[in-house]
Amino acid sequence: MASRKGNPVHGWVVLDKPIGLSSSKAVGIVRRIFNAAKAGHGGTLDPLATGLLPIALGEATKTVSFAMHGAKSYEFTLAFGAQTTTDDREGEVIFSSDIMPTAAQIETVLPQFIGTIQQRPPIFSAIKVDGARAYDIARKAIASGAPDLPELDARPIDIDRLELRSVDAASASFFVACGKGTYIRSLARDIALILGSAGHVSSLRRLSVGPFFESDAISLDFLEKLEHSSAAFEHLKPVVSALDDIPAVPISADEAVKLRHGQTLPALGPSAQARFEEVISSEIGVALASSVPVALVSVKSGQLQPLRVFNL
């Protein structure tokens, strides 16, 4: 999260990130445009990727995890012929193949990548290994002249849909809908390998993140034209935008005061249990007072307890 001097601006900006820009730089630009004191993003996009980058300002940063853990969808192009150190077109070629699969061959293997599968993340990723970032480990291995790059352990991921969109002489384009922790670079690499070829991601665009969709996105060029103007705030979505999948609990003004001071509300008895039933079943909810978010809450030991309080 970026936190500096600025105004208390609260909400979400759904940015259409351009190619060549890192997610952290995009956050900095949006924070500057709104002169916001605090900012963060809901899920990193590589510089070579384009598309949806939800950016949280102010108190919305307390809901970032809900955006990051939501389902995502992408369009990507798999270039056949070369596997790279980074599994995209930025890396050095480590394996080549002249096998160019047909559309029919690709369609045959796609079912193996749908559902809960094991995926080995790319070594050039931000995953921590014994306290160090994987990409730092990879860079040190290359600098030391190591013959092979280290590999990360496979982990379970969920892929709901994987569709072949088009095929040409040297590449194939896909649509994928997946869960958190999925690396599209790894998916492309593994599709090529199971086809007996080699491949890497040559283009990647994110279409959705949790409750945010491409149709909500605003371009950075357009947003920069609105810098420090009231018109920019027309594109600021509410703090609760990332909380669509958790239940909302209406509370009174007096109850809101208690939650804001870290106090609990009784959740025992039939009426209270009925009132907080959805929070109990989902384990978390958002308390609203006259549509204003007060706190993220859960029910424990017969009490509705504030987990994160919003200063709004």
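**Exercise 1. Which residue in β18 stands opposite V249?**

Solution. The model is predicted, so local features need pLDDT of at least 70 and side-chain atom pairs count only at pLDDT 80 or more, while totals for chains, interfaces and linings use all residues. Residues are numbered from 1 along each chain as its sequence is written, and side-chain values use heavy atoms, with hydrogens and water left out.

Step 1. Find the strands. Helices (H or I, at least four residues) and strands (E, at least two) are DSSP runs, numbered from the N terminus. Strand β18 covers residues 285–289, and β16 covers 248–250.

Step 2. Check the pairing. Two strands pair if DSSP finds at least two bridges between them. β16 and β18 have 3 bridges and pair in the parallel sense.

Step 3. Read off the partner. A287 in β18 stands opposite V249.

**Exercise 2. Give the strand order of the open sheet that contains β16, and name its edge strands.**

Solution. 

Step 1. The sheet has 5 strands in the order β16-β18-β19-β20-β17. Its pairing is mixed.

Step 2. The edge strands are β16 and β17 (265–266), each of which pairs on one side only.

**Exercise 3. Describe how β13 pairs with β4, β5 and β14.**

Solution. Strands of a sheet pair through backbone hydrogen bonds, either parallel or antiparallel.

Step 1. Strand β4 (residues 50–57) runs parallel to β13, with 2 bridges joining them. Here G51 stands opposite R206 in β13.

Step 2. Strand β5 (residues 72–80) pairs with β13 in the antiparallel sense over 9 bridges. T77 stands opposite S203 in β13.

Step 3. Strand β14 (residues 212–213) is antiparallel to β13, again through 2 bridges. F212 in β14 is the bridge partner of V209. The hairpin of β13 and β14 has 2 residues between the strands, and G210 takes a positive phi near 55 degrees there.

Step 4. Look at the cover. Buried means under 20% relative accessible area, exposed over 50%, and partly exposed in between (1.4 Å probe, protein chains only). In β13 (residues 199–209), 9 of the 11 residues are buried.

**Exercise 4. Where do E283 and S301 lie, and are they buried or exposed?**

Solution. 

Step 1. E283 is in the loop between α9 (277–282) and β18. Its phi is near 75 degrees, a positive value in a residue other than glycine.

Step 2. S301 is in the loop between β19 and β20. S301 is not a glycine either, yet it has a positive phi of about 50 degrees.

Step 3. E283 is exposed because its relative accessible area is 64%. S301 is exposed because its relative accessibility is 75%.

**Exercise 5. Describe the salt bridges R32–E224 and E59–K62, and class each residue by its accessibility.**

Solution. A salt bridge is a side-chain nitrogen of Lys or Arg within 4 Å of a carboxyl oxygen of Asp or Glu. The structure holds 11 salt bridges.

Step 1. R32 and E224 meet at 3.4 Å, N to O. This pair links distant parts of the chain, since R32 is in helix α1 (residues 23–34) and E224 in helix α6 (residues 220–224), 192 residues apart.

Step 2. R32 is partly exposed because its relative accessibility is 35%. E224, at 31%, is also partly exposed.

Step 3. The side chains of E59 and K62 meet at 2.7 Å, N to O. E59 counts as buried because its relative accessibility is 6%, and K62 counts as buried at 13%.

**Exercise 6. Which residues are linked with R205 in a network of salt bridges?**

Solution. Side chains of opposite charge can pair when their charged atoms come close. The network links R205 with D16 and E214.

**Exercise 7. Is D87 buried or exposed, and which residues does it touch?**

Solution. 

Step 1. D87 lies in the loop between β6 (82–84) and β7.

Step 2. D87 is buried because its relative accessible area is 4%.

Step 3. Not counting residues up to four places away in sequence, D87 touches P122, R185, R189, H200 and V201.

Definitions and conventions
Contact = heavy atoms within 4.5 Å.
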